[in-house]
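Student: I have a new model open on my screen and would like to go through it with you. Could we take it one question at a time?

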Amino acid sequence: MDHVKEQIHWEAAYEMGLTGKGAGVAVLDTGLFPHRDFEDRIAGFADMVNHNPGPYDDCGHGTHICGIIGGSGVSSGGRYQGIAPGCTLTAVKVLDRRGNGSVTDVLAGIDWVLRHREQLGIRILNISVGSCTRKGMSENSALVKGVDRAWDEGLVVVVAAGNRGPGRMTITTPGISRKVITVGCSDDDREVLVGGNRMVDYSGRGPTAACVCKPDVVAPGCGVVSCASDFGRYTIKSGTSMSTPVVSGAIALLLEKYPDMTNRDVKLKLMESAMDIGLPKNQQGWGLLDIKRLLE
């Protein structure tokens with residue numbers, strides 16, 4: 001995580017003593033393994049796939065994402081600490097052990113989060129799930145309506161741009177939603193393994209079919225070390241799935257500092273504070289996440 005934190009000026013949060021305490025993040029993914037780095041901060045768990053009481057993760061993808069957001073780094077002496085190590089985490093399993101899932105399960109997961117948000121203190125919803133079927137690429141698709149509903153009910157919804165780039169109109173659904181915060185990868189010029197395939201220049205690019213400029217913001221996502229589905233171990237993953245929780249973690253820090261902010265306030269602050277890194281608008285959006293500027 002060191003190289004990630006350096007690029008986004010995370011040290012500002014450390015200097016301010018911000019850890020994301022009081023901000024709850026829900027992660028819709030493959031589940032959550034109770035890694036040592038989550039300590040006593042797993043607030044809730046639900047399983048839409050196998051209906052197990054959990055928490056568990058038979059894939060490892062969701063655990064990695066949760067570690068980027070809020071792992072304490074205790075198993076690595078602090079080296080692989082997440083962006084907001086004081087936040088609480090709620091995991092909703094909507095993907096199977098291969099990382100595949102149905103729209104029905106994702107929508108059920110969103111519904112579960114909305115029903116339990118007050119009880120579990122959920123402010124942020126992280127979705128590193130993307131569909132690229134022709135049927136799902138419209139703003140009228142069920143997935144887009146689902147994330148829009150969560151946004152309209154006040155959650156800060158942070159969604160991956162997907163790994164279908166570098167062509168135009170390659171943002172996956174529900175990242176095409178004009179309401180949610182869609183995150184691309186800022187360092188996808190490095191060749192990495194994504195889902196077992198060697199890829200470069202993979203981060204989804206806009207515009208959407210409705211001519212909306214996307215992604216909204218970019219963050220590092222290459223070679224990120226985070227929690228594995230084993231008590232004290234770590235693993236490396238890459239992709240916009242990893243960039244997305246970097247932004248979710250940063251928002252948890254922001255909401256600890258300014259707890260009265262609405263999701264619209266958060267989006268505006270991200271827009272104003274992002275750093276232009278000289279890439280096309282439909283590749284970088286507003287620019288690179290900059291935590292120092294975000295928290296000022």
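Student: In which loop is Arg164 found?

Tutor: Let's start there, keeping in mind that this is a predicted model. Arg164 counts as exposed, at 53% relative accessibility. As for its place in the chain, Arg164 is in the loop between S5 and S6.

Student: How many Å separate the C-alpha atoms of Arg164 and Thr240?

Tutor: Along the chain, Arg164 and Thr240 are 76 residues apart.

Student: Let's turn to charges. How many salt bridges does the structure hold?

Tutor: In general, side chains of opposite charge can pair when their charged atoms come close. One of the pairs here is Asp230 with Arg233, at 3.9 Å from N to O. Asp230 is partly exposed at 30%, while Arg233 is exposed at 55%. For the whole structure, the number of salt bridges is 12.

Student: Which residue pairs with Lys93 in a salt bridge, and how far apart in sequence are the parts that the pair ties together?

Tutor: The partner of Lys93 is Asp58, with 2.7 Å from N to O. Lys93 is buried, with a relative accessible area of 0%, whereas Asp58 is partly exposed at 34%. Lys93 lies in strand S3 and Asp58 in the loop between strand S2 and helix H3, so this pair joins parts whose separation in sequence is 35 residues.

Student: Which residues are linked with Arg149 in a network of salt bridges?

Tutor: Begin with the bridge between Arg149 and Glu153, whose closest N and O atoms are 3.3 Å apart. Both ends are partly exposed, Glu153 at 36% and Arg149 at 37%. The network that holds Arg149 also links Asp111, Arg115 and Glu153.

Student: How many disulfides are there?

Tutor: Take Cys87, which is buried at 0% relative accessibility. Its closest cysteine sulfur is that of Cys66, 8.6 Å away, which is too far for a bond because a disulfide needs the sulfurs within 2.5 Å. Cys211 is in no disulfide either, with the nearest cysteine sulfur, in Cys213, 11 Å away. The disulfide count is zero.

Student: Which residues does Ile251 contact, leaving aside neighbours within four places in sequence?

Tutor: Ile251 is one of the core residues that touch the most other members. With its sequence neighbours set aside, its contacts are Ile124, Val156, Val158, Ile181, Val266 and Leu270.

Student: How many residues are in the other core that lies apart?

Tutor: Cys185, Val192, Val194 and Tyr202 are among its members. The size of this separate core is six residues.

Student: Is H3 mostly covered or mostly open, and how many of its residues are buried?

Tutor: H3 is mostly covered, and its buried residues include His61, Cys66 and Gly70. They pack against S1, S3, S4, S10, S11 and H6. The buried count for H3 is 10 of 10.

Student: At what angle do H3 and H6 pack, and what is the hand of their crossing?

Tutor: On the H3 side, His61, His64, Ile65, Ile68 and Ile69 meet residues of H6 that include Met242, Pro245 and Val246. The two axes are 8 Å apart and the packing angle is about 35°. The hand of the crossing is right-handed.

Student: Which elements do the buried residues of H5 pack against?

Tutor: The buried set in H5 is Leu143, Val144, Gly146, Val147, Asp148, Ala150 and Trp151. Their packing partners are H4, S4, S5, S6 and H7.

Terms used. Residues numbered from 1 in each chain as written. Predicted model: local features only at pLDDT ≥ 70, side-chain atom pairs only at ≥ 80, totals over all residues. Heavy atoms only, no water. Salt bridge = Lys/Arg side-chain N within 4 Å of Asp/Glu carboxyl O. Helix = DSSP H or I, 4+ residues; strand = E, 2+ residues; numbered from the N terminus. Buried < 20%, exposed > 50% of the residue type's maximum accessible area, 1.4 Å probe, protein only. Core = buried A, V, L, I, M, F, W, Y, C linked by side-chain atoms within 4.5 Å. Contact = heavy atoms within 4.5 Å. Axes fitted to C-alpha atoms, helices over the stretch in contact; angles between N-to-C directions. Left-handed = near helix turned anticlockwise from the far one by under 90°.
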